[in-house]
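Good morning, and thank you for coming. Today I would like to take you through one structure, a few elements at a time.

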Amino acid sequence: MQAKTLTYLATTILSIGVSGFGSNVAFADPDPNSMVNQFELTAGKFEGFRRSGAKGVCASGEFVGSPEGRNISSSSAFSGNAIPVIVRFSVGGANPKAADNTKSQRNLALQFNLPNNEVWQMGNISAPVFGAATPEQLFGRLQSLQPDPTTKTADPAKVKAFADANPAVLRQGQYFASKAVPASYALTNYWGVHGFGFTNARNEKVWGKWIFEPVDGVQTLSDEEAKSKGPNFLFDDLRQRVASGKASFNFNIEIAQAGDVLDNATIPLPDGRKKITLGVLKVVSVSPDSTGPCLNITFDPNIMPKGVEGAPDPMLRARTVPYAISLGRRMTEGSKQ
Ligand code: HEM
């Protein structure tokens with residue numbers, strides 16, 4: 001596990017190019033400290049809070065793998081025994097007072113505590129695509145959105161020039177704008193967005209992209225309902241649903257076919273790919289306040305168990321170091337959420 005993390009650190013720092021996978025994106029990573037600084041410059045600095053996904057709540061859950069899960073991966077996550085999971089739900093962005101009733105990102109972060117001290121971490125989002133294909137593109141997009149100190153808003157000409165040259169950065173916003181406001185953290189889909197490979201005991205490998213889909217289905221709010229709910233309803237809604245045993249997700253993987261792009265988080269798999277349910281995650285408790293076991297975790301999606309691996313997506317690898325830097329800054333300031 002440690003060696004794997006170090007490999008990712010090394011590849012991030014060495015900024016190698018990617019080849020042999022779908023879109024063959026070449027990239028040069030911005031320095032991870034400058035990246036976190038740019039998050040603060042663009043979205044604001046809120047001491048003690050995560051630099052992204054700031055408004056969140058800790059929960060705990062149990063994951064039970066399915067026979068289909070065992071068939072595609074040798075990971076102990078799919079043994080069929082109940083696996084304890086540390087869960088964190090959040091609203092996207094750096095603002096700890098972000099409104100719950102807008103068409104924006106919701107997050108589902110997970111840490112599976114597996115036997116033999118193995119850990120599997122994920123940070124999943126409520127869109128099938130991320131807002132940039134490479135760390136470089138994310139950095140440029142954030143720079144273009146940085147508010148001018150005098151006007152306190154971004155320069156529309158800069159925003160347009162960058163988006164015109166990098167249209168992929170608009171896909172995620174277009175997705176959110178096309179959907180209604182989620183009715184609950186427990187009633188929306190969460191995508192892993194990157195490609196992942198699964199290897200079974202027979203050493204057979206499949207690649208795909210995963211989604212956590214609510215067992216009770218997706219539910220949204222009309223514009224009127226969203227307005228009347230106000231900006232802070234998601235935590236209490238979640239507590240109520242979990243108390244009545246109504247917050248479970250199918251962990252589904254869509255299997256990639258030859259030629260599908262797996263190394264670009266702005267390109268979803270084509271519709272209609274075969275979907276397999278790897279197991280069910282049930283949320284069993286929610287923290288009554290802003291404390292809990294998720295507070296000082298950074299959910300690094302490069303921490304995977306044996307039997308699971310990430311595709312060579314530059315965005316995936318580039319997440320480890322900025323997450324660690326954000327964790328370091330918020331812990332030094334006094335962690336909050
Ligand atoms: C180079 C690319 C990226 C950078 C620099 C970045 C940066 C960050 C940072 C600094 C945090 C806060 C970490 C902490 O304090 O614990 C964060 C959280 C998060 N990011 Fe990213 N991110 C990147 C890509 C992505 C992508 C592609 C996704 C899509 C799945 C994503 C989803 C999330 C989620 C769900 C959280 C909240 C996790 C939690 O609850 O702790 N990020 N990100």
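Predicted model: local features only at pLDDT ≥ 70, side-chain atom pairs only at ≥ 80, totals over all residues.

Consider helix 2, residues 32–43, and helix 4, residues 135–145: their axes come within 9 Å and cross at roughly 30°. Helix 2 is therefore roughly parallel to helix 4, since an angle under 35 degrees counts as roughly parallel. The crossing of helix 2 past helix 4 is left-handed. Which residues meet here? From helix 2 they are Met 35, Gln 38, Phe 39 and Thr 42, and from helix 4 they are Pro 135, Phe 139, Leu 142, Gln 143 and Leu 145. Sorted by class, this contact of helix 2 with helix 4 holds six nonpolar residues, three polar residues and no charged residues.

Helix 2 also packs against helix 10, at an angle of about 60° and with the axes 9 Å apart. Helix 2 is therefore oblique to helix 10. Helix 2 and helix 10 cross in a right-handed manner. On the side of helix 2, the contact uses Pro 32, Asn 33, Met 35 and Val 36, while helix 10 supplies Val 321, Pro 322, Ile 325 and Ser 326. Six of the residues in the contact of helix 2 with helix 10 are nonpolar, two are polar and none is charged.

Let us now turn to the ligand. How many residues surround the ligand? There are 30, and the closest are Gly 53, Ala 109, Gly 123, Thr 298 and Ser 326. Elements that give two or more residues to this shell are helix 2, strand 2 (83–91), strand 3 (106–113), strand 4 (119–125), helix 4 and helix 10 (320–333). Helix 10 provides the largest share, five residues. By class, the shell around the ligand comprises 16 nonpolar, nine polar and five charged residues.

My last point concerns Pro 115, which is found in the loop between strand 3 and strand 4. Is Pro 115 buried or exposed? Pro 115 counts as exposed, because it has 11 C-beta neighbours inside 10 Å, and the cut-off for exposed is 12 or fewer. Pro 115 and Lys 55 are 60 residues apart along the chain, and their C-alpha atoms are separated by 31 Å.

Thank you for your attention.

Conventions. Residues numbered from 1 in each chain as written. Axes fitted to C-alpha atoms, helices over the stretch in contact; angles between N-to-C directions. Helix = DSSP H or I, 4+ residues; strand = E, 2+ residues; numbered from the N terminus. Parallel < 35°, antiparallel > 145°, perpendicular 65-115°, else oblique. Left-handed = near helix turned anticlockwise from the far one by under 90°. Contact = placed C-beta atoms within 7 Å. Nonpolar A, V, L, I, M, F, W, Y, C, P; charged D, E, K, R; others polar. Near = placed C-beta within 6 Å. Buried ≥ 20, exposed ≤ 12 C-beta atoms within 10 Å, placed from the backbone.
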